[in-house]
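Subject: Structure handover and notes

Dear colleague,

I am passing on the structure below, together with notes on what was found in it. Please keep it open while you read.

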Amino acid sequence: MAESSGRNADYPDDKMSHTRVIAAPAEEIFAVLSDPNRHQDTEPGDWVRSSITTEPITRTGQVFSMNMFLEQAGGAYRMDNVVTTFEPDTAIAWDPGQADAVGEVRTGGWRWRYDLHPVEAGTEVTLTYDWSDTTQDVRDQFGGFPVVPPAFLAASLASLDRTVTGRR
């Protein structure tokens with residue numbers, strides 16, 4: 001029997017992205033993305049419940065924690081995120097994981113990244129979901145990657161747009 005690589009042939013680079021132009025300046029969009037208290041406003045469902053960390057994100061290496069809920073994950077759980085990119089009004093990214101008993105975060109190998117580029121109509125926002133550093137063990141635990149479809153990224157950016165612009 002052939003061994004599975006755990007890779008998804010539809011995503012040979014183990015990542016997907018979606019881009020949307022939001023009619024707002026980059027600093028307004030970045031203010032939402034760098035505030036853990038607003039992250040539930042950027043998610044199209046009910047997965048992100050609330051922030052545990054209330055301070056804004058201000059640097060790489062910072063950890064912010066969120067209360068999450070997903071039936072397939074057993075219900076309520078905590079996600080601890082390590083900030084990997086922090087470029088005000090330009091880019092922000094984090095690697096989700098779980099903190100151990102002493103507070104050390106072990107990330108799962110996937111990353112959420114937002115890139116912001118000013119354009120005439122506002123700001124072009126690209127959301128990238130990158131799971132290229134997930135181990136085979138993690139892929140097996142989650143039943144394969146990606147764990148969200150491409151439509152989730154589009155819906156996330158639509159939620160971010162509504163949050164920033166107030167449009168429904």
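Ser 34 sits in the loop between α1 (26-33) and β2 (48-51), where helices (H or I, at least four residues) and strands (E, at least two) are DSSP runs numbered from the N terminus. Please bear in mind that this is a predicted model, in which local features need pLDDT of at least 70 and side-chain atom pairs count only at pLDDT 80 or more, while totals for chains, interfaces and linings use all residues. Residues are numbered from 1 along each chain as its sequence is written, and side-chain values use heavy atoms, with hydrogens and water left out.

Ser 34 counts as buried because its relative accessibility is 9%; buried means under 20% relative accessible area, exposed over 50%, and partly exposed in between, with a 1.4 Å probe and protein chains only. Leaving aside residues up to four places away in sequence, Ser 34 touches Pro 56, Ile 57, Phe 86 and Ile 92, a contact being heavy atoms within 4.5 Å. The side chain of Ser 34 also reaches the backbone oxygen of Phe 30, at 2.8 Å.

On confidence, pLDDT is the predictor's confidence in each residue, from 0 to 100. The mean pLDDT of the chain is 86, and 91% of its residues reach 70 or more. Confidence is highest in α1, at a mean of 97, and lowest in β2, at 78. Over residues 1-5 pLDDT stays under 50, and the model has 2 contacts beyond four places in sequence for them. Where pLDDT is low, the predicted coordinates should not be read in detail.

Next come the charged pairs. Side chains of opposite charge can pair when their charged atoms come close. With a salt bridge taken as a side-chain nitrogen of Lys or Arg within 4 Å of a carboxyl oxygen of Asp or Glu, the count comes to 6. One of them joins Asp 14 and Arg 139, at 2.9 Å from N to O. This pair links distant parts of the chain, since Asp 14 is in the segment before β1 (15-22) and Arg 139 is in helix α2 (residues 136-142), 125 residues apart. Asp 14 is buried, with a relative accessible area of 3%, and Arg 139 counts as buried at 2% relative accessibility.

Another salt bridge is formed by Arg 38 and Asp 41, whose closest N and O atoms are 3.0 Å apart. Arg 38 is partly exposed, with a relative accessible area of 29%, and Asp 41 counts as partly exposed at 29% relative accessibility.

What about the backbone? Most residues other than glycine have a negative phi, and most peptide bonds are trans. Asp 14, although not a glycine, has a positive phi of about 60 degrees. Asp 89, in the loop between β4 and β5, has a positive phi near 65 degrees, and Asp 89 is partly exposed, with a relative accessible area of 31%.

Finally, the largest pocket has a volume of about 1100 Å³. A pocket is found on a 1 Å grid over the protein atoms alone, as an open set of points where a 1.4 Å probe fits, with protein on both sides within 12 Å along at least five of seven lines, and lining residues have an atom within 4 Å of a point; the volume is the space filled by probe spheres set on the points, which are joined across faces, edges and corners. The largest pocket is lined by 41 residues, of which Tyr 77, Met 79, Pro 96, Trp 110 and Phe 142 lie nearest its centre. β3 gives the most to this lining, with 5 residues.

Best wishes

Note on methods. A polar contact is a pair of N or O atoms within 3.5 Å; within protein, one must be able to donate a hydrogen and the other to accept it, and residues adjacent in sequence count only if both atoms are side-chain atoms.
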